[in-house]
Amino acid sequence: MEDLSEPLLAAIIGKITRTADLNSLSLVSKQMYNVEAEERGSIHVGCGLHPATEALSSLCSRFPNLWKVEINYSGWTHNQGKQLDNQGLHVLSSHCPLLKDLTLSFCSYIDDSGLDYLSYCKKLMVLRLNFVRAISSSGLLSVAVGCKSLSTFHLVDCLNVSSVEWLEYLGRAGSLEELVVKDCKGISQYDLLKFGPGWTKLQKFEFEINDYYWLSGALDRSYVPGYPYKYDICCENMKDLRLAHIITEPEIGLRFLLRKCKALEKLCLDYVIGINDGEMIALFQNCSNLRSISLRLMPRRSDFSFRTPLTDDSLKALSLCCPMLQVVQLTFTFCCSKWPTEIGFTQKGIVTLIQTCPIRALMLNGASILKDEGMKDLSSAQFLEALELVDCKGITDVGMSFIVRAPCLTSLTLRKCKNVTNVGMAELVRSQKLESLTVIGCRLISHEAVQGAAKSVNYSANPENFDSLKGVK
């Protein structure tokens with residue numbers, strides 16, 4: 001090792017990704033210690049950082065070229081010592097001039113004063129704030145004003161953020177390409193209108209509300225005379241959109257994005273109340289580059305019917321207008337298997353979509369409309385590589401005998417499929433074609449029956465809770 005040049009050592013170190021391996025390598029020799037310190041660009045610290053500020057200062061001195069730092073106190077308790085506080089962010093801002101990417105998670109002792117220090121990190125491009133509950137809008141405004149290069153911003157479970165001056169400033173600056181806002185009770189979907197011109201450059205957006213979102217009292221003020229923020233917004237660069245747990249009726253709210261995004265490649269709508277066939281058909285007709293779609297739906301009362309809001313008309317438009325579609329995930333919640341009409345889609349509609357588009361990954365959750373006959377039709381899908389069936393009561397061992405005929409299928413996941421038994425697993429064992437098999441909470445399938453059904457097998461008899469199974473919070 002001593003005979004190797006520093007550039008060669010640096011190249012070797014650059015190939016190593018695990019922190020434990022890098023730490024071990026630095027003990028080989030003094031030269032390796034020094035080269036590794038120069039090359040280290042990222043650290044991940046948390047509960048083991050003690051005393052916090054002094055330890056972080058030492059790490060920053062040892063690794064002068066840090067550009068990515070993650071501080072995570074998930075699971076922290078008081079007997080583990082004091083958490084990093086505002087002074088820790090002062091250390092980062094003064095000792096890490098190359099800092100571009102920072103994540104703070106479950107940091108209870110960091111508030112607006114700490115964010116003020118971050119405003120001096122002029123090269124900061126990525127900031128993720130998860131469960132940093134002492135910060136407020138004032139601190140975020142300091143970051144928005146000071147960090148001119150910010151392109152990715154995540155704000156998750158920060159309950160003290162109640163106004164959006166920072167969002168207006170970032171919108172005017174127009175630097176953000178990725179914005180994620182989740183579980184921030186002080187920010188409504190209508191506040192996002194204030195992002196204004198910032199929507200033009202945005203490529204990824206995610207907004208989610210949990211904890212009784214259907215009781216939200218926020219009102220859409222865009223229709224009030226003189227209100228400066230309207231839905232006349234351009235989103236031509238949006239490629240990745242996720243909306244979760246929001247009500248968009250009678251107001252439009254963030255549903256307006258469905259009318260504006262023409263470059264979408266990935267769409268995820270989780271329990272968005274207010275979507276309808278007409279809107280989704282118009283979306284699909286404008287988004288020929290769509291590659292992935294995930295829909296979580298629950299039935300709603302409409303005129304004289306009680307069903308999920310979308311029908312086969314949406315699936316038909318999707319199959320005709322989105323020829324690049326490869327990933328489909330459909331979840332149906334609170335739909336009774338005894339009343340199949342509560343699901344607006346039909347088995348024929350789903351099968352036609354899978355057979356028309358080059359679908360490589362399909363997940364069906366709560367699809368009581370899917371029967372063994374549908375599995376026979378799916379077995380002719382030429383591109384299907386991965387199939388996940390969750391809470392699909394209509395599938396039996398007969399369906400397993402059909403699906404193993406799918407020409408490209410290599411991965412199968414069964415979760416809470418109560419009518420598939422060991423007999424169905426025997427069909428998989430005989431086929432010897434699966435690379436991966438996952439079986440979770442299927443009461444009639446034993447651990448012994450899945451052995452040999454795939455090269456890699458993951459099995460658990462324990463059922464998952466409803467929230468985990470359906471993505472309901």
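1. Contact here means heavy atoms within 4.5 Å. The model is predicted. With that cut-off, the buried residues of helix α8 pack against α7 (137-146), β5 (152-156) and β6 (178-182). The buried set in α8 (residues 165-173) is W166, L167, E168, L170 and G171. G174 follows the helix, and its phi is positive, near 70°.

2. The structure holds one cavity of 30 Å³ or more. The volume of the largest cavity is about 30 Å³. Its lining consists of L140, V143, A144, L150, F153, W166 and L170. Helices α7 and α8 each supply at least two residues of that lining. The largest share, three residues, comes from α7. By class, the lining has seven nonpolar, no polar and no charged residues. W166 and L170 of the lining are also among the buried residues of α8.

3. The second largest pocket has a volume of about 270 Å³. Of its 17 lining residues, G274, I275, R300, T308 and P309 are the closest to the centre. Strands β9 (266-273), β10 (292-297) and β11 (300-302) each contribute at least two lining residues.

4. Salt bridges come to 19 in total. One of them joins E208 and R242, at 2.7 Å from N to O. The pair links distant parts of the chain: E208 sits in strand β7 (residues 204-208) and R242 in strand β8 (residues 240-247), 34 residues apart. E208 has 2% relative accessibility, so it counts as buried. R242 has 17%, so it counts as buried too; the cut-off for buried is under 20%.

5. E208 and R242 also belong to a network of salt bridges, whose other members are K182, E206, D270 and R296.

6. R259 and E279 form another salt bridge, with the closest N and O atoms 3.3 Å apart. This pair also links distant parts of the chain: R259 is in helix α9 (residues 257-260), E279 in helix α10 (residues 277-286), 20 residues apart. R259 is partly exposed, with a relative accessible area of 48%. E279 is buried, at 9%.

7. R291 bridges to E265, the closest N and O atoms being 3.8 Å apart. R291 lies in the loop between α10 and β10 and E265 in the loop between α9 and β9, so the pair ties together parts 26 residues apart in sequence. R291 is partly exposed, at 30% relative accessible area. E265, at 28%, counts as partly exposed as well.

Conventions. Residues are numbered from 1 along each chain as its sequence is written. This is a predicted model: local features need pLDDT of at least 70, side-chain atom pairs count only at pLDDT 80 or more; totals for chains, interfaces and linings use all residues. Side-chain values use heavy atoms; hydrogens and water are left out. Buried means under 20% relative accessible area, exposed over 50%, partly exposed in between (1.4 Å probe, protein chains only). Helices (H or I, at least four residues) and strands (E, at least two) are DSSP runs, numbered from the N terminus. On a 1 Å grid over the protein atoms alone, a cavity is a set of points where a 1.4 Å probe fits but cannot get out, and a pocket is an open set with protein on both sides within 12 Å along at least five of seven lines; lining residues have an atom within 4 Å of a point. Grid points are joined across faces, edges and corners, and a volume is the space filled by probe spheres set on the points. Ala, Val, Leu, Ile, Met, Phe, Trp, Tyr, Cys and Pro count as nonpolar, Asp, Glu, Lys and Arg as charged, and the others, Gly among them, as polar. A salt bridge is a side-chain nitrogen of Lys or Arg within 4 Å of a carboxyl oxygen of Asp or Glu.
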